[in-house]
Amino acid sequence: MDTLTTIDMNFSAALRREVVADPTSDHALLEATRIGDEDAFAELVGRYRNPITNYIYRMTNDYDGAVDLAQETFVRVYRAAERYQTTYAFSTYIYRIATNLAISELRKRKRRKLVSLTGFFQSRDGGEPQEFNPPDLKPLADTALVDAERRLAVQRAISTLPEKYRAPLILRDVEGKSYEDISRILETSEGTIKSRISRARGFLREKMTAYL
Amino acid sequence: MRNMNCRNIQREIEEAGSADLLSASAISHLEACVACETLSRRQTRLQAIISSLGTVEAPGDFDFRLRARLAGEGRGRRRSLPFANLSFGLRFAAVAAMLLLIGSAFLLVSFRGRPNNPAVAGGGKQITSQPTAPDSPANPIVVPESVRPDKSQVANAPKKNELNGTPKRRLNSELATYRKSERIGTRDMSSTGARVMKRDDQLAESYPTAAFPINASYQSHKVSVDNGRGTSRTISLPSVSFGSQRTLSQTPFPLIASARDAW
């Protein structure tokens, strides 16, 4: 236990040294934001606006909503700048905020039943409602169209995944995060993350059978 | 054994996501196992499709909209109430606590505003509690009208020798009952005249048995006699006990007279 505490203290101290040493690091920019440097915050926004918007878009499959939620993510970062602690990487911190916002939005949608046609295609045995996603059996014109159709299909398939499988799959396969980073962002063990990603890939293979 | 190996390899394929990341043993297994090879191929194609999704970029006015939003939130936060950021439950609890506080304050004010002594409100009916002996002439008792017995009660009152101090006890018990049942308060009556009942006249008239309570004390009773020429004599009468200890007959001089002057 003492060893772990020592390691954690050394890690934090190393991060603080990094903040002092590298003025362009995320932590240094957030430190500057904390004391009122608007340019530093603009630099942070410039670094993360596209990845965060993309991540939320892949989670929600709604571009306008994703932009709004990305903005909300930066608002929360700005508001909580004084309470921010340099224990983990800033990217972990901002992805965690974005994940929470996206999951919250998905749950709101589920409550409001905003997904159209869901009620029409609910299974007769009273189970979970199924998305209307019929396979397109018509022959495709050329390769570009085939690729576009595949991308659309996989995006729709991802958006039908349960949120506990969707978030780790996107972070791993779309954002290219490591298992360690994903476990920190989602605050779940690495083993659970690996298991969920495997399950998510299995679901996607089943849904994408026509395209593989 | 082969199935066990396939299960492990399939788990590795699903975790790796792409055939490029498989171990050497898994790759050699794929060459011999069609099912695992098919799975690996499909997984690799799926991974390629996911990777081809590309990156969606934020709109060009993202920074501008963000700055406007931060500025708007700053103004809104300055205008908002201090508890506006609380959750619904906490806000509800705060409102309930405020209502409870206001209700308690209202009740307190209404209780204070009410005349706490109905005797005072009724016009001069007041009980003045005295710490000293209530029946001494120096400490007059103001008896409330409701407690004071009328003439018929006095007429039916037991005689002095029948019950020792019964009317006084009754008075005390009635006063105690009155104090228990009603709210007792005090009021400064120093500026207003109060009805004074003295033992010698009113009390003796209405409470004949209480004029000289038999169990008052063992002090002797002193009588001052004036001979009409300005000379007075005080006669001290010893207390009489109806027990067996002190009686007049046991005293050698029943009347102890102390002459201040020639008698």
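## Report on chains A and B

Buried residues make up 32% of the 212 residues in chain A. The model described here is a predicted one.

Chain A contains nine helices and zero strands, and its order along the sequence reads α-α-α-α-α-α-α-α-α. Of the contacts in chain A with a separation of 6 or more, 56% are between residues 24 or more positions apart.

| Helix | Residues in helix | Span | Expected span |
|---|---|---|---|
| α4(A) | 17 residues | 24 Å | 24 Å |
| α5(A) | 23 residues | 33 Å | 33 Å |

For α4(A), the span is close to the expected one, and for α5(A), which covers residues 90-112, the span is likewise close to the expected value. The buried residues of α4(A) are A:A66, A:V67, A:L69, A:A70, A:Q71, A:T73, A:F74, A:V77 and A:Y78. In α5(A), the buried positions are A:Y93, A:I94, A:Y95, A:A98, A:T99, A:L101 and A:A102.

Two loop residues of chain A deserve a note on backbone geometry. A:N61 lies in the loop between α3 and α4 of chain A. The phi of A:N61 is near 60°, a positive value in a residue other than glycine. A:N61 has 16 C-beta neighbours inside 10 Å, so this residue counts as partly exposed. A:E187 is located in the loop between α8 and α9 of chain A. Its phi is near 55°, also positive and also in a residue other than glycine. Because A:E187 has 9 C-beta neighbours inside 10 Å, A:E187 counts as exposed.

The contact between the chains involves 29 residues from chain A and 25 residues from chain B. On the side of chain B that touches chain A, the elements giving two or more residues are α1 (2-16), α3 and α4 (62-79) of chain B. By class, that side of chain B has 10 nonpolar, five polar and 10 charged residues.

One helix pair spans the two chains. Two packed helices are described by the angle between their axes and the distance between the axes. From α9(A), the contact is made by A:R201, A:L204 and A:R205, and from α3(B) by B:R42, B:Q43 and B:L46. The residues of this contact of α9(A) with α3(B) comprise two nonpolar, one polar and three charged.

Chain B also has a strand pair. Strands β1 (residues 221-226) and β2 (residues 232-237) of chain B pair in the antiparallel sense over six bridges. B:K222 has B:S236 of β2(B) as its bridge partner. The hairpin of β1(B) and β2(B) has five residues between the strands, and in this hairpin B:G228 takes a positive phi near 90°.

Terms used. Residues are numbered from 1 along each chain as its sequence is written. Chains are lettered from A and ligands numbered from 1 in the order in which they are written. This is a predicted model: local features need pLDDT of at least 70, side-chain atom pairs count only at pLDDT 80 or more; totals for chains, interfaces and linings use all residues. Two residues are in contact if their C-beta atoms, placed from the backbone, lie within 7 Å. Helices (H or I, at least four residues) and strands (E, at least two) are DSSP runs, numbered from the N terminus. Ala, Val, Leu, Ile, Met, Phe, Trp, Tyr, Cys and Pro count as nonpolar, Asp, Glu, Lys and Arg as charged, and the others, Gly among them, as polar. The expected span of a helix is 1.5 Å times one less than its number of residues. A residue is buried if 20 or more other C-beta atoms lie within 10 Å of its own, exposed if 12 or fewer, and partly exposed in between; C-beta atoms are placed from the backbone. Two strands pair if DSSP finds at least two bridges between them.
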